[in-house]
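Please take a moment to look over the sequence and the 3D structure before reading on. The paragraphs below are meant to be read with both in view.

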Amino acid sequence: MLFTSVMKDNKSFLRCFRKGRYCADKFIVCYYYPNEGAENELGLSVSKKIGNAVTRNRFKRICRAAYRLKEQELPIGYDMVFVARQGVQEKSSADIEEFIVNKLAPSINRSFNKKAKK
């Protein structure tokens, strides 16, 4: 990933959940929060309710691949946490790419433009 590092510490996850904004679909939610850095941080969260380890790791793999393909369409300087919802098992990488392009990127750009205008 060109402009992205992996989010590992719990503090960053909690900051996204508590202070960040979110964009949701039927099968995925993305929380995002500005990190004032030169790159994005990507975190993935999948509950055991989604399925067994194979299913959870499949979602993570597909989500990383979709993010990697659409990374250049997202603004830089955000912490992002993707959370799986029930029903994500049947989704493909193309569905997640569609979510990133059609919902997530416009949502981040709207919030980013509001801050830039102030």
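This is a predicted model: local features need pLDDT of at least 70, side-chain atom pairs count only at pLDDT 80 or more; totals for chains, interfaces and linings use all residues.

Residues are numbered from 1 along each chain as its sequence is written, and side-chain values use heavy atoms, with hydrogens and water left out.

We begin with the interior. A nonpolar core is a set of buried Ala, Val, Leu, Ile, Met, Phe, Trp, Tyr and Cys residues joined through side-chain atoms within 4.5 Å, where buried means under 20% relative accessible area, exposed means over 50%, and partly exposed lies in between (1.4 Å probe, protein chains only). The largest such core has 26 residues, and those touching the most other members are Met-80, Phe-82, Ile-96, Phe-99, Ile-100 and Leu-104. Two or more residues are given to this core by each of β3 (28-34), β4 (40-45), α2 (53-70), β5 (78-84) and α3 (93-117); these names refer to DSSP runs numbered from the N terminus, helices being H or I with at least four residues and strands being E with at least two. The largest share, six residues, comes from α3. A second, separate core has six residues, including Cys-16, Val-29, Val-81 and Val-83.

Which residues does Phe-99 meet, leaving aside its neighbours within four places in sequence? Phe-99 is in contact (heavy atoms within 4.5 Å) with Cys-23, Ala-24, Asp-25, Phe-27, Ile-28, Cys-30, Phe-82 and Leu-104. Ala-105 also belongs to helix α3, and at 5% relative accessibility Ala-105 counts as buried. Not counting residues up to four places away in sequence, Ala-105 touches Glu-73, Leu-74 and Ile-100.

Helix α1 (residues 10-19) has Ser-12, Phe-13 and Cys-16 as its buried residues. Seen down the axis of α1, these fall within an arc of 105 degrees, so they line one face of the helix; the arc is that of the directions from the helix axis to the C-beta atoms. An α-helix has 3.6 residues a turn, so residues three or four places apart point the same way. The cover over the buried residues of α1 includes β3, β4 and β5, whereas Asn-10, Lys-11, Arg-18 and Lys-19 are exposed on the other side of α1.

We turn now to charged pairs. A salt bridge is a side-chain nitrogen of Lys or Arg within 4 Å of a carboxyl oxygen of Asp or Glu, and a search of the whole structure finds three of them. In one, Arg-15 pairs with Asp-79, with the closest N and O atoms 2.7 Å apart; this pair links distant parts of the chain, since Arg-15 is in helix α1 and Asp-79 in strand β5, 64 residues apart. Arg-15 is partly exposed at 27% relative accessibility, while Asp-79 is buried with a relative accessible area of 0%. Another salt bridge joins Lys-103 and Asp-25 (3.3 Å, N to O), linking helix α3 to the loop between β2 (21-24) and β3 across 78 residues. Lys-70 and Glu-73 also form a salt bridge, with the closest N and O atoms 4.0 Å apart.
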